[in-house]
Amino acid sequence: MDLNLTEEQEALVTTCREFAQREIKPIAHELDKNARYPKELVAQMAELGLMGIEVPVEYGGSELDTVAYVLAMETISAACASTGVIMSVNNSLVCEPLLKWANEAQKKQWLTPLASGEKLGCFMLSEPEAGSDAAAQKTVCVRDGDHYVIDGVKNWITNGPQADTGILICMHDKSLGHRGISAFVIDMNAEGITRGPKDDKLGIRASHSCQIFFEGHRVHENQRLGKEGDGFKVAMSTLDAGRIGIAAQALGIAQGAFEAAAEYACDRKTFGKRIIDHQAVAFMLADMETQIEASRLLTLRAAMAKIAGRRHSKESAMAKLHASETANKVAKDAIQIHGGNGYVTEYPVERAFRDAKITEIYEGTSEIQRIVIASSLMRG
Ligand code: CAA
């Protein structure tokens, strides 16, 4: 695995670091405290070309690769995991399926404004009774001439309150099981769509999610992605890409918490010496860094498998599983190293601890990642 960054990748990391240092870090605590959506940061990310990193320039994107996307996601998420997920949903759950499944006319109409950051996207798969069991879709689309009529409810939709455009997964023929599922790209401000209040969450509080209600919403057949029945594959292949983004987000959370803990350990003194000079603390930091590095390698390996153009379900699942569990452990230990100071909101590790939890849940729980890894073993 070649770990040397290209000039473009180096430049992107520098841009993201400066942006994170100058614009994100100073307000990350306030965003979390007030559960405030960072509209100004999203606008700046659009200007920096971070909302469609892998999308070709002709469709409004930055035309960089998945390694670049991982590096950017890690850097932004280390400063603010909420800002990271707003970016990752737009990139990998919305631009990615359009890039992969949309026809030319659909790309021009829908992808370009999303990749340039003029519009924001959301991905609507989960439902009150279809979370891990993604094929159990109850939202239906019923054919009516050259249109479909959509009815149902979607749950926990990240970017839902702000999104202009959505990728919708729903059932057109229940008797066909997962082969009866179709995917559409839709205008979120059209008739027949309403949004519930934003969810009140434990972590990533500045990234908003909500329920989305469909009541007689009409979509034209030219908004369908792929053929009727391709919807489950659209969703699963999208999640293969999305899980790389969440692995990178978790990596960022872990790296941020680790750096805060290492700095604190070099500064704080107990029993007449710096706490890093106590072996108990030094070993904790050594384990944290080792696990973070392992997560980074798995995430980059998944990115490279995606760049190579082969199915990367297993690599993405391994990266997300390891990085999310690492983020949770590292954030917990970072609090331990901070002692009482780690338990109050004045220090950033408390936020990292709350933000890390969701990475073990969304875009497939850790249990689902183990199913994906095991089923690839069964496929041989
Ligand atoms: N790419 C392409 N096709 C795939 C695929 C992939 N990655 N994974 C499965 N498929 C295909 C299979 O080949 C199979 O096709 P055939 O019928 O042609 O053989 C079909 O899909 C069904 O596959 P499975 O039998 O494996 O499907 P399953 O019903 O057993 O489900 C699962 C598999 C892995 C458990 C899946 O349901 C899953 O990933 N669940 C978790 C859902 C999830 O991650 N939700 C997160 C919501 S999004 C979110 O969180 C966004 C946010 O807010 C940030």
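Here is a friendly chat about aromatic pairs and surface charge in this predicted model.

Colleague: How many aromatic pairs does the structure hold?
Modeller: Rings of Phe, Tyr and Trp pair if their centres lie within 6.5 Å. On that basis, the number of aromatic pairs in the structure is two.

Colleague: What kind of aromatic pair do Y148 and F184 form?
Modeller: The ring centres of Y148 and F184 are 4.9 Å apart, with 65° between the planes. Planes over 60 degrees apart count as edge-to-face, so the pair of Y148 and F184 is edge-to-face.

Colleague: Which strands does that pair link, and how many residues apart are Y148 and F184?
Modeller: Y148 sits in strand β3 and F184 in strand β5, so distant parts of the chain are linked. Y148 is buried at 0% relative accessible area, and F184 is buried at 0% too. The strands are β3 and β5, and the two residues are 36 apart.

Colleague: Where does R379 lie, and is R379 buried or exposed?
Modeller: R379 gathers with R179, K233 and R311 in a patch of positive charge on the surface. R379 lies in helix α10. Exposed means over 50% relative accessible area, so R379, at 52%, is exposed.

Note on methods:
Residues numbered from 1 in each chain as written. Predicted model: local features only at pLDDT ≥ 70, side-chain atom pairs only at ≥ 80, totals over all residues. Heavy atoms only, no water. Phe/Tyr/Trp six-rings, centres within 6.5 Å; stacked < 30°, edge-to-face > 60°. Helix = DSSP H or I, 4+ residues; strand = E, 2+ residues; numbered from the N terminus. Buried < 20%, exposed > 50% of the residue type's maximum accessible area, 1.4 Å probe, protein only. Patch = residues over 30% accessible without salt bridge, like charges linked within 9 Å, V, L, I, M, F, W, Y side chains within 5 Å. Areas by Shrake-Rupley, 256 points an atom, 1.4 Å probe, with all protein chains shown as cover. Salt bridge = Lys/Arg side-chain N within 4 Å of Asp/Glu carboxyl O. Lys, Arg positive; Asp, Glu negative; His and termini not counted. Charge placed at Lys NZ, Arg CZ, Asp CG, Glu CD.
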